[in-house]
Amino acid sequence: MTDQTFQSSLLRTLSERGYIHQTTDAAALDALATKAVVPGYIGFDPTAPSLHVGSLVQIMLLRRLQQAGHKPIVLMGGGTGKIGDPSFKEESRQMLTVERLAENVASIRRIFERFLTFGDGPSDAVMLDNAEWLDALEYIPFLREVGQHFSVNRMLSFDSVKLRLDREQSLSFLEFNYMILQAYDFRELANRHGCRLQMGGSDQWGNIVNGIELTRRMDGREVFGVTTPLITTADGGKMGKTMAGAVWLHEDQLPHFDYWQFWRNTDDRDVGRFLRLFTDMPLDEITRLEQLEGAEINEAKKLLATEATAMCRGRAAAEEAAETARRTFEEGSSGAALPTITVAGGSIAIVDALIGLGFAKSKGEARRLIAGGGARVDGEKVSDEALVVPVTGEIRVSAGKKHHGIVRPA
């Protein structure tokens with residue numbers, strides 16, 4: 001089906017904005033979404049206190065579900081997180097304590113509260129934890145009831161498993177069970193909460209199909225799946241991966257300005273696609289913006305950065321970051337949102353300043369940055385790696401053209 005033939009606002013919106021990679025029985029799901037509220041879920045493993053930009057397509061998918069009048073279910077993997085999803089991972093994940101998992105779940109909830117409306121209404125979002133039912137499972141009854149529906153031959157054929165086996169990397173029995181537990185999650189959500197739809201990235205297709213088949217075999221229920229394409233940048237890189245590391249959604253792990261700047265640095269060719277995926281801007285306005293060229297496309301990038309940051313960090317934070325960028329890059333002054341360090345001794349070695357501002361992880365990396373001509377102090381290139389910078393007032397330290405910070409006297 002094309003987006004022109006979809007009758008439901010849900011699938012029409014998902015198609016027009018570029019979220020759909022694969023669907024199971026799109027016609028039946030489309031028909032259901034036109035006549036009933038469809039509860040749909042996506043699972044997230046609480047392996048850190050924050051999610052990062054790599055999870056943002058899935059968060060936005062839940063937002064689109066709610067905007068179309070349906071019910072988002074955020075499923076936290078408090079149970080499966082004790083095992084770890086082996087999908088396309090090169091090695092086993094670190095085992096987290098129950099206490100750490102609970103802390104991460106509470107921290108991650110704050111992210112979703114910015115994108116979704118939670119409550120008790122028909123289309124209000126809910127956050128659930130699969131530990132609620134997985135922790136209570138008894139091994140032998142589970143094997144008898146659920147295990148009989150899984151073929152090991154088929155499980156071995158999934159790309160997520162083959163990748164590890166082909167590389168002769170260890171795949172523990174714990175991780176091998178993950179796909180069974182994820183399928184069981186869908187069945188439990190269908191029974192407990194009337195969930196009819198699981199969504200996820202394209203790497204989750206096999207797991208989603210497993211859940212659909214298990215639910216049909218055990219309960220005779222018809223449920224559906226939708227996956228999103230792998231989001232890569234125009235140069236072929238993975239979305240959200242930068243030289244500085246992960247682009248975290250929580251401000252205590254990444255400053256507002258750095259988050260805004262990540263979006264501002266979008267490749268010209270990605271602007272339209274990212275506006276559709278990561279903002280609520282109208283499609284006709286996006287079509288106009290993506291046709292801009294030359295210097296004008298930079299205005300579209302600033303708009304993308306401000307709108308994406310406002311959704312994740314709040315409007316005030318987005319506007320402050322945008323103003324900081326304007327003052328830094330257009331006026332040559334500094335702004336309050338830039339990363340900042342204070343110096344008590346009246347001076348600081350340039351190497352230490354670069355490390356302190358997060359532009360280098362070690363003295364060796366800082367020296368390489370200087371040797372490559374990438375370090376500047378108040379706009380002047382630094383050529384001496386032994387430079388000691390006097391800090392009698394506020395100075396601006398830069399790494400390349402896109403990373404700037406402030407050093408101030410204590």
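Y139, I140, L143 and F173 make a nonpolar surface patch of about 450 Å², where patch residues have over 30% relative accessible area and no salt bridge, and nonpolar side chains (Val, Leu, Ile, Met, Phe, Trp, Tyr) are joined within 5 Å. A salt bridge here is a side-chain nitrogen of Lys or Arg within 4 Å of a carboxyl oxygen of Asp or Glu, and accessible areas come from the Shrake-Rupley method with a 1.4 Å probe. The model is predicted, with local features needing pLDDT of at least 70 and side-chain atom pairs pLDDT 80 or more, while totals for chains, interfaces and linings use all residues. Residues are numbered from 1 along each chain as its sequence is written, and side-chain values use heavy atoms, without hydrogens and water.

**Patch**
- Helix 6 (residues 139-145) gives the patch its largest share, 3 residues; helices (H or I, at least four residues) and strands (E, at least two) are DSSP runs numbered from the N terminus.
- L143, found in helix 6, counts as partly exposed because its relative accessibility is 38%, between the limits for buried (under 20%) and exposed (over 50%).

- An open sheet of 6 strands has the order 1-6-5-2-3-4 with mixed pairing, and its edge strands are strand 1 (22-23) and strand 4 (126-129); two strands pair if DSSP finds at least two bridges between them.
- Strand 5 (residues 197-201) and strand 6 (residues 224-228) run parallel and are joined by 5 bridges, with T227 in strand 6 as the bridge partner of G200.

Definitions and conventions:
Patches are made of residues with over 30% relative accessible area and no salt bridge: like charges are joined within 9 Å, nonpolar side chains (Val, Leu, Ile, Met, Phe, Trp, Tyr) within 5 Å. Buried means under 20% relative accessible area, exposed over 50%, partly exposed in between (1.4 Å probe, protein chains only).
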